[in-house]
Structure formats: C-alpha cells, structure tokens
Amino acid sequence: MDEPAAEGPGGSLMVDLIISLDGYASAEGWPGWWGLEGPEYLAWLDQEAEKNYTVLMGANTYRLMSGMSAAASADGSGFRDNEGASLTGLAAVPKVIFSSTLQEPLDWPNSQLVRGDAVEAVSEMKRSGDRPLSTLGSLSLCRSLLAAGLVDRFRLVVFPVITGKTGRERIYDGYPDVGLEMVDSRTFDGRLQLLEYVPTVLAGPPGTAS
C-alpha cells in the first residue's frame with residue numbers, strides 16, 4: 001500500500017534541497033550555489049527566510065554551517081556579500097539539531113539539541129507545533145524523514161550543472177521509491193529551476209502487489 005506524507009494539526013515539514021542536474025548536493029572546488037545564484041533566486045531566499053521556519057539538521061550540517069556562519073560574520077571573511085548575509089542570518093533562525101555526539105550548550109544561537117530518535121521527535125513536533133519545519137542539508141536525516149512518511153513537501157532547486165567528476169554527496173542513494181505530485185514550479189534568473197512536490201512513499205512500482 002502507498003504511504004502518503006503524514007499530516008496533522010500542527011506544523012508541516014518540507015525537505016528543501018539544492019541539487020545539480022546529476023543529483024549531487026555539492027561539488028569539490030565549486031563555490032556555493034555552484035556560482036550560479038542570481039538576483040531573482042537571492043530575492044526568493046530572502047522571502048523564504050521571512051516564513052519563520054524551524055530548521056532541522058544533523059550534526060555534520062550543524063558543524064559545517066555554524067562554522068561558516070561564524071566565519072561570515074568576521075571582517076575580511078572572504079565570502080561574497082550574498083553568501084555572507086545568508087550565512088549570518090541563520091544565527092537568528094530557530095534550529096533543532098539531531099545528534100548523539102554533540103554536547104550542550106551549543107555555540108550557535110537559537111539551537112536546540114535533540115539526542116533521541118529523529119523520526120519520533122519530528123512526529124511529535126508536527127503534532128504539537130504551530131511553526132512550519134524545514135530541513136537544511138542533512139541528507140541522511142531527510143532520507144529518514146521521507147521514508148517515515150513525515151514529509152509534506154519535497155522541494156528542489158535544480159542548478160544546471162553536471163558534476164560527474166567533482167560531485168559530492170549523492171542525494172537519492174538509499175531512498176525508497178517515491179511518487180511525486182508537482183504543486184509548484186518556477187525558473188529563477190533564466191537558469192535555476194524550482195520544483196516542489198507532494199511526496200508519497202511507494203511500496204513498489206505501480207501495479208505490483210503490496
């Protein structure tokens with residue numbers, strides 16, 4: 001039987017990813033956003049930041065992003081203006097970090113550490129919370145939440161690059177089969193494609209016995 005994304009009276013959950021055309025989350029030696037961000041995309045990011053998401057992430061993403069956020073706030077950080085503003089702005093965003101290795105107190109402001117099972121914790125956040133939830137990076141966390149049927153929206157911004165030689169962090173490895181109903185799409189700056197779906201975890205290919 002198909003498993004539709006769980007919905008409740010509380011907050012909704014969006015898995016939010018940027019991706020190369022061949023399915024990588026990043027690439028060695030390439031700049032952030034593969035160097036292809038433009039004014040329309042950056043303006044949209046600013047609009048999204050106003051939606052008061054609580055951001056979910058794992059320990060590796062926390063270590064990476066908190067370090068980059070701190071570095072971006074320093075003089076002569078080397079980040080481009082748009083990158084620096086995006087990174088420093090994350091300090092004010094409510095964040096929930098799932099980790100069994102990090103220790104409290106967390107240095108990054110507005111960060112809450114959760115040591116228990118992420119699927120159980122997010123299920124409770126969706127039931128009892130009133131803020132929308134969104135992931136940041138954290139590919140294994142995204143995969144677990146999707147497989148558990150907790151994801152209400154699956155959103156990608158596809159960057160028009162193929163990073164077959166330098167690509168890192170393959171996004172879809174280990175995913176279940178998932179049906180996707182498109183609910184939004186648009187193009188930024190004539191080259192970046194936003195695709196937003198309602199996901200349904202499938203027991204198998206259509207027409208096969210459950």
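**Close-up views of a predicted model**

Figure 1. Leaving aside residues up to four places away in sequence, Phe98 touches Leu56, Met57, Gly58, Ala59, Val114, Ala118, Ala121, Val122 and Leu141.

**Figure 2. The largest nonpolar core, with 27 residues.** The members that touch the most other members are Leu13, Leu17, Leu56, Phe98, Val122 and Leu145. Two or more residues of this core come from each of the elements β2 (13-20), β5 (95-98), α4 (118-128), α5 (139-147), β8 (153-159) and β11 (192-201). Helix α5 gives the largest share, five residues.

**Figure 3. The aromatic pair of Tyr41 and Phe188.** Nine aromatic pairs are found in a search of the whole structure. In the pair shown here, Tyr41 and Phe188 are tilted, with 5.6 Å from centre to centre and 55 degrees between the planes. Distant parts of the chain are linked by this pair: Tyr41 belongs to helix α1 (residues 39-49) and Phe188 to strand β10 (residues 178-188), 147 residues apart. Tyr41 counts as buried because its relative accessibility is 2%, under the cut-off of 20%. Phe188 also counts as buried, at 0% relative accessibility.

**Figure 4. The aromatic pair of Phe154 and Tyr175.** The ring centres of Phe154 and Tyr175 are 6.3 Å apart and the planes stand at 75 degrees, so this pair is edge-to-face. Phe154 lies in strand β8, whereas Tyr175 lies in the loop between β9 (167-170) and β10; the pair therefore ties together parts that are 21 residues apart in sequence. Both Phe154 and Tyr175 are buried.

**Figure 5. Charged side chains over aromatic rings, at Trp108 and at Tyr24.** Lys95 lies over the face of Trp108, 4.6 Å from the ring centre. At Tyr24, the residue over the face of the ring is Arg170, at 5.5 Å from the ring centre.

**Figure 6. Buried and exposed residues of helix α1.** The buried residues in α1 include Tyr41, Leu42, Trp44 and Glu48. These four residues lie on the same side of α1, because the arc they cover around the axis is only 160 degrees. On the face of α1 turned away from the buried side are the exposed residues Pro39 and Asp46.

**Figure 7. The loop between β5 and β6 (111-114), with Ser100 and Pro105.** Ser100 is placed in this loop. With a relative accessible area of 60%, Ser100 is exposed, because the cut-off for exposed is over 50%. The C-alpha atoms of Ser100 and Val114 are separated by 8.0 Å, and the two residues are 14 residues apart along the chain. Pro105 is found in the loop between β5 and β6 as well. The peptide bond leading from Glu104 to Pro105 is cis, with omega near 0 degrees. For comparison, most peptide bonds are trans.

**Figure 8. Positive phi values at Asn52 and Asp189.** Most residues other than glycine have a negative phi. Asn52, a residue other than glycine, has a positive phi near 60 degrees. Asn52 is in the loop between α1 and β4 (54-58), and at 47% relative accessibility Asn52 counts as partly exposed. For Asp189, phi is near 55 degrees, again a positive value in a residue other than glycine. Asp189 is located in the loop between β10 and β11. The relative accessible area of Asp189 is 19%, so Asp189 is buried.

**Figure 9. Ala72 in helix α2 (residues 59-72).** Ala72 is buried, as its relative accessible area is 13%. Between the C-alpha atoms of Ala72 and Gly89, which are 17 residues apart along the chain, the separation is 9.9 Å.

**Figure 10. The chain that contains these views, with five helices and eleven strands.** The chain has 210 residues, of which 42% count as buried. Among contacts in the chain with a separation of 6 or more, 72% are between residues 24 or more positions apart. The chain exposes about 11,000 Å², and carbon and sulfur atoms supply 52% of this area.

Technical notes:
Residues numbered from 1 in each chain as written. Predicted model: local features only at pLDDT ≥ 70, side-chain atom pairs only at ≥ 80, totals over all residues. Heavy atoms only, no water. Core = buried A, V, L, I, M, F, W, Y, C linked by side-chain atoms within 4.5 Å. Buried < 20%, exposed > 50% of the residue type's maximum accessible area, 1.4 Å probe, protein only. Contact = heavy atoms within 4.5 Å. Phe/Tyr/Trp six-rings, centres within 6.5 Å; stacked < 30°, edge-to-face > 60°. Lys NZ or Arg CZ within 6 Å of the ring centre and 35° of its normal. Areas by Shrake-Rupley, 256 points an atom, 1.4 Å probe, with all protein chains shown as cover. Arc of directions from axis to C-beta.
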